[in-house]
Amino acid sequence: MTGTRKDTTITRRRAIAVTGGTVAAGGLAIAGYQSAFADGTSATATETAAVSASAGSSSGTCVLMSSVTEGPYYLDGALVRKDITEGKSGVPLTLRITVQDTTESCAPVAGAAVEIWHCDAWGYYSGYTTANPGGSAPAESEDGSTADDKTYLRGYQVANANGVVKFETIVPGWYTPRTCHIHVKVHTGGEKEDGTYEGGKVNFTGQLFFDDAVAEQIFELEPYSQHTGTWTKLDDDMVYDGGGASSGLLTLKPVHKKGPSKGYKGSITLGIDPDAENTGAGSGGGGGGTPPSDAPSDAPSASASSTDSSS
């Protein structure tokens, strides 16, 4: 994890449960994370192939993004940090998000706080490790009493003058009944405080999606392959509406053309209305389901200092 924590005490906060998921025991053994994000590892344009939607795939420039539900696994108090892996193993993903103001000639939204969260390679979310990802997966932790005190694969970054943030993470796995995806919120008007982001309002709540061909390749690799079962394709997902980049479909480029295990670079432009408010709570858009019956009533939060700049 990038940065150092000022306070490693784990507290628990109320979490919002909104949609979908089955429940059982679960967990992921933590393996060392090997970074593949150095600029020198990038493949050239002739060596890579972008994977994106056939319609509107080049970017979401000046297109107001489709807002959807935040889902059942949101936690407040995520840390401001660039690397959100916390040791979770998987195919590395550098995620570049550009935030634009659709009401002001596509101006960048400098200072916007972009928050993302997603499951690990086996389909588990930090704070909700008793929620069964479906199929058959190894246990998330040998010590179930502290498994939900983790904060992996959650974080904020604050947009630079160009409206850009970058995260270092892994490609998510899958859980029933959802396709491979990353949750995202864009906040404005708040400020960094005690290692997290406080105040302001949520302007956009959405989800980012992966092309089926990329997901299929990745799910055949370790540690993803230890989660067996049937994963949901884009066309069958309850949230993705087929709108390409404007609906959250990422443009993806492999770090090395020889195979997906070396990682991907993902990018998208989020067009937002800075005057609007959309928390994604409640019934929301994009469908839903039944909240996990034994999801914790509150969930972990940690105070830390990690202030990587984005570029």
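Predicted model: local features only at pLDDT ≥ 70, side-chain atom pairs only at ≥ 80, totals over all residues.
Colleague: Is Ile84 buried or exposed?

Modeller: Ile84 lies in the loop between β1 (4-14) and β2. Buried requires under 20% relative accessible area. Ile84 has 0% relative accessibility, so Ile84 counts as buried.

Colleague: How many Å apart in space are Ile84 and Thr151, C-alpha to C-alpha?

Modeller: In sequence, 67 residues separate Ile84 from Thr151. From C-alpha to C-alpha, the distance between them in space is 8.5 Å.

Colleague: Which strands stand at the edges of the open four-stranded sheet?

Modeller: The order of this sheet is β5-β4-β7-β8, with antiparallel pairing. An edge strand here has a single partner strand, so one side is left without a neighbour in the sheet. The strands at the edges are β5 (154-158) and β8.

Colleague: Which residue in β5 is the bridge partner of Trp117?

Modeller: β4 and β5 pair in the antiparallel sense over five bridges. Trp117 belongs to a second, separate core of 14 residues, which also includes Ala78, Ala131 and Tyr175. In β5, the bridge partner of Trp117 is Arg154.

Colleague: How many residues does the largest nonpolar core have?

Modeller: β4 (113-117), β8 (196-209) and β10 (264-272) are among the elements that each supply at least two residues of this core. Ile97, Val114, Ile116, Leu208 and Leu270 have the most contacts inside it. The contacts of Leu208 include Ile97 and Leu270. The number of residues in the largest nonpolar core is 41.

Note on methods:
Residues numbered from 1 in each chain as written. Heavy atoms only, no water. Core = buried A, V, L, I, M, F, W, Y, C linked by side-chain atoms within 4.5 Å. Buried < 20%, exposed > 50% of the residue type's maximum accessible area, 1.4 Å probe, protein only. Contact = heavy atoms within 4.5 Å. Pairing = 2+ DSSP bridges. Lists of a residue's contacts leave out its neighbours within four places in sequence.
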